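Me: I have a model open on my screen and would like to understand the words used to describe it. Could you go through them with me?

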Amino acid sequence: GTISSRSFQLQNLSRYPVSFSYQIPTSDSAHLRVHPKSGLLDANERQTHEWSFSPQHTQKYGFRCSLVITSNLDLLASPTRLGIVAVGEGTLGNIVADPETID
């Protein structure tokens, strides 16, 4: 199938570094990917993250993922979990030539 990719910015607005991790359900990981999947964001740092969608069938897809952010300074602090909803649609393409016969 066709792969569609989009870039999104993730920015740490705090003065402290944080760790992040995207959680995509195993059942959806064949269709939806993110890079990087986890890492570190320094204070006030902005990173570009690439999401890729590769549908296997002609249908609409809905995904519920999470972004988990953890403080690197306070190890006792609870991680922050943010919900992400991604929607995609698999379609069929075709090629049309005019004229129909090309020598």
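**Reading the model, term by term**

Reply: Gladly! This is a predicted model, its mean pLDDT is 90, and 95% of the residues reach 70 or more. Among the elements, strand β7 (residues 80-89) has the lowest mean pLDDT, 93, while β5 has the highest, 97.

Me: Why are β1 and β3 said to stand at the edges?

Reply: They belong to an open, antiparallel sheet of three strands in the order β1-β5-β3. β1 and β3 each have a single partner strand, so one side of each lacks a neighbour in the sheet. The twist from one strand to the next averages 25°. β3 and β5 are joined by four antiparallel bridges, and arginine 33 has serine 52 in β5 as its bridge partner.

Me: Now for the inside. Why is tyrosine 22 called buried?

Reply: Buried means under 20% relative accessible area. Tyrosine 22 has 5%, so it counts as buried. Leaving aside neighbours within four places in sequence, its contacts include Leu10, Val34, His49, Trp51, Leu67 and Ile84.

Me: Why is asparagine 12 called buried, too?

Reply: Its relative accessible area is 6%, so asparagine 12 is buried by the cut-off of under 20%. Asparagine 12 lies in the loop between β1 (4-11) and β2. Beyond neighbours within four places in sequence, asparagine 12 is in contact with residues including Pro17, Val18, Leu41 and Asp42.

Me: Which residues have the most contacts inside the largest nonpolar core?

Reply: They are Leu10, Phe20, Tyr22, Leu32, Trp51, Phe63 and Cys65, in a core of 15 residues. The elements giving two or more residues to this core are β2 (18-23), β3 (32-35), β5 (46-53) and β6 (60-71). β6 supplies the largest share, four residues. In soluble globular proteins, nonpolar side chains tend to be buried together.

Me: Which residues lie on the covered face of β2, and which on the uncovered one?

Reply: Val18, Phe20 and Tyr22 make up the covered face, and Ser19, Ser21 and Gln23 the uncovered one. In a regular strand the side chains alternate between the two faces of the sheet.

Me: What makes the aromatic pair of tyrosine 22 and tryptophan 51 edge-to-face?

Reply: There are two steps, and it is one of five aromatic pairs in the structure. Ring centres must lie within 6.5 Å, and here they are 5.2 Å apart. Planes over 60 degrees apart count as edge-to-face, and these are at 85°. The pair also links distant parts of the chain, as tyrosine 22 in β2 and tryptophan 51 in β5 are 29 residues apart. With a relative accessible area of 11%, tryptophan 51 is buried as well.

Me: Then why are tyrosine 61 and phenylalanine 63 called stacked?

Reply: Their centres are 6.1 Å apart, with 10° between the planes. Tyrosine 61 and phenylalanine 63 are both buried.

Me: Which residues form one aromatic cluster?

Reply: Phe20, Tyr22 and Trp51 do. They are also among the residues with the most contacts inside the largest nonpolar core.

Definitions and conventions. Residues numbered from 1 in each chain as written. Predicted model: local features only at pLDDT ≥ 70, side-chain atom pairs only at ≥ 80, totals over all residues. Heavy atoms only, no water. Core = buried A, V, L, I, M, F, W, Y, C linked by side-chain atoms within 4.5 Å. Buried < 20%, exposed > 50% of the residue type's maximum accessible area, 1.4 Å probe, protein only. Contact = heavy atoms within 4.5 Å. pLDDT = per-residue confidence, 0-100. Phe/Tyr/Trp six-rings, centres within 6.5 Å; stacked < 30°, edge-to-face > 60°. Pairing = 2+ DSSP bridges. Axes fitted to C-alpha atoms, helices over the stretch in contact; angles between N-to-C directions.
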